[in-house]
Amino acid sequence: IQMKTNKKGITLIALVITIIILLILAAVAIQLALGENGLIGRAQSGQEKQSVAEAKEKFQTAQAAAWADYIVSDKQSVANNKYVQALNTALTSVTDPNIKGVTNAGTFQTTGGVGTYALTASTVKLHFNGQEKLTIKMDVNGNVTFE
């Protein structure tokens, strides 16, 4: 008498080993995606750097155009006020919703009033999602620097 053996299907041990391997692969994949230096974190960091760099570049371009107009002017009251207005307009053009996530704290200022506008040292901070990323400073001569 011969016994029939069933060679079809998988054993319980093979099934358990397969599940363990899949769990290990899932853990590695989750770590790669969500870990401290994972894909999602690097993507967010890349977006932050790109947005701040774009904001800085757009502001510099607008500031250079305003500076070109300013240096050929008489640099008196009206020109001072027009230059500061151009810088503040440039700030508006580089903040959310124009560049997502970028906001500013502060504006460029003048002192005095109509006929006596003078540039004043001003500091503006650019933030990305609420975190300070770039400082823009204007001195009393209208020179702009970035930190």
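Leaving aside its neighbours within four places in sequence, which residues is Gln 63 in contact with? They are Tyr 83, Leu 87, Gly 142 and Val 144, where contact means heavy atoms within 4.5 Å.

This is a predicted model, in which local features need pLDDT of at least 70 and side-chain atom pairs count only at pLDDT 80 or more, while totals for chains, interfaces and linings use all residues. Residues are numbered from 1 along each chain as its sequence is written, and side-chain values use heavy atoms, with hydrogens and water left out.

1. Helix 2. Gln 63 lies in helix 2; helices (H or I, at least four residues) and strands (E, at least two) are DSSP runs, numbered from the N terminus. The helix covers 39-71 and has 33 residues. From its first C-alpha to its last it reaches 47 Å, close to the 48 Å expected at 1.5 Å a residue; the expected span is 1.5 Å times one less than the number of residues.

2. Buried side of helix 2. At 12% relative accessibility, Gln 63 counts as buried. The term means under 20% relative accessible area, with exposed over 50% and partly exposed in between (1.4 Å probe, protein chains only). Other buried residues of helix 2 include Ser 51, Val 52, Ala 55, Phe 59, Ala 66 and Tyr 70. The cover over the buried residues of this helix includes helix 3, strand 1 (102-105), strand 3 (118-119), strand 4, strand 5 and strand 6 (144-146).

3. The core. A nonpolar core is a set of buried Ala, Val, Leu, Ile, Met, Phe, Trp, Tyr and Cys residues joined through side-chain atoms within 4.5 Å. The largest one here has 23 residues, of which Phe 59, Tyr 83, Phe 108, Ile 136 and Met 138 touch the most other members. Helix 2, helix 3 (77-93), strand 4 (122-128) and strand 5 (131-138) each supply at least two residues of this core. Helix 3 gives the most, with 6 residues.

4. Met 138. Not counting residues up to four places away in sequence, Met 138 touches a list of residues that includes Tyr 83, Leu 87, Phe 108, Leu 119 and Val 144.

5. Strand pairing. Strands pair if DSSP finds at least two bridges between them. Strand 4 and strand 5 run antiparallel and are joined by 7 bridges, with Thr 123 opposite Lys 137. Strand 5 and strand 6 also run antiparallel, with 3 bridges, and Ile 136 stands opposite Phe 146. The hairpin of strand 5 and strand 6 has 5 residues between the strands, and Gly 142 there takes a positive phi near 95°.

6. Val 124. This residue is found in strand 4 and is buried, with a relative accessible area of 0%. Its C-alpha atom is separated by 7.0 Å from that of Phe 108, 16 residues apart along the chain.

7. Backbone points to check. Asn 129 lies in the loop between strand 4 and strand 5 and has a positive phi of about 50° although it is not a glycine. Asn 129 is exposed, with a relative accessible area of 58%. Lys 75, in the loop between helix 2 and helix 3, has a positive phi near 55° and is partly exposed at 39%. A cis peptide bond joins Asp 96 and Pro 97, with omega about 15°; Pro 97 lies in the loop between helix 3 and strand 1.
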